[in-house]
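Student: I would like to learn how to read pockets and a nonpolar core from a set of coordinates. Could we work through one case together?

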Amino acid sequence: MVKLDYKKGNGLIPAIAQDDKTGEVLMLAYMNEQAFTETLKTGKATYYSRSRNALWKKGETSGHVQNVKEIRVDCDNDTVLLKVEQIGNAACHKGYKSCFFSKVVGNDLKIVESKIFDPKEVYK
């Protein structure tokens, strides 16, 4: 059984989702022990939503599921890297491929990616 250190993060660990083909970082979320166990069991990324205080099965509403191809754990056993196949080509709930669609330019944020879907249409 994989033993992760959830203590440092008050029961949560960071989970980085990375495109398994391109290496692009898609998003950062959090997992509790239940979310990690569910991910192992189903092969689909499951996270813990801090705002809703509940498990969050990625793609449950949008259909943009993350099929987990590989899981890596950092040297302190307190962060996981999920290498995923991103279904629908969008990981971000705002409609972008990656949640990292903005770039710091001077003192401002500039959107440097194009939307893949309209969130108003997907999250009715």
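This is a predicted model: local features need pLDDT of at least 70, side-chain atom pairs count only at pLDDT 80 or more; totals for chains, interfaces and linings use all residues.

Student: How much space lies in the largest pocket, and which residues lie nearest its centre?

Tutor: A pocket is read through its volume and its lining, where a lining residue has an atom within 4 Å of a pocket point. Here the largest pocket holds about 310 Å³ of space, and of the 14 residues that line it, Met27, Leu28, Ala29, Trp56 and His93 lie nearest the centre.

Student: What lines the second largest pocket?

Tutor: That pocket has about 180 Å³ of space, and its lining includes Arg52, Trp56, Lys57, Lys58, Glu60, His93 and Tyr123. By class, this lining has two nonpolar, four polar and four charged residues.

Student: Which residues have the most contacts inside the largest nonpolar core?

Tutor: A core of this kind joins buried residues through side-chain atoms within 4.5 Å. The largest one has 18 residues, and Met27, Met31, Tyr47, Val80 and Leu82 have the most contacts inside it. Strand E1 (13-19), E2, helix H1 (33-42) and strand E6 (80-86) each supply at least two residues of this core, the largest share, four residues, coming from E2.

Student: What does Val80 touch, leaving aside residues up to four places away in sequence?

Tutor: Counted that way, Val80 touches several residues, among them Leu4, Ile13, Ile16, Met31, Phe36 and Ile71.

Key: Residues are numbered from 1 along each chain as its sequence is written. Side-chain values use heavy atoms; hydrogens and water are left out. On a 1 Å grid over the protein atoms alone, a cavity is a set of points where a 1.4 Å probe fits but cannot get out, and a pocket is an open set with protein on both sides within 12 Å along at least five of seven lines; lining residues have an atom within 4 Å of a point. Grid points are joined across faces, edges and corners, and a volume is the space filled by probe spheres set on the points. Ala, Val, Leu, Ile, Met, Phe, Trp, Tyr, Cys and Pro count as nonpolar, Asp, Glu, Lys and Arg as charged, and the others, Gly among them, as polar. Buried means under 20% relative accessible area, exposed over 50%, partly exposed in between (1.4 Å probe, protein chains only). Contact means heavy atoms within 4.5 Å.
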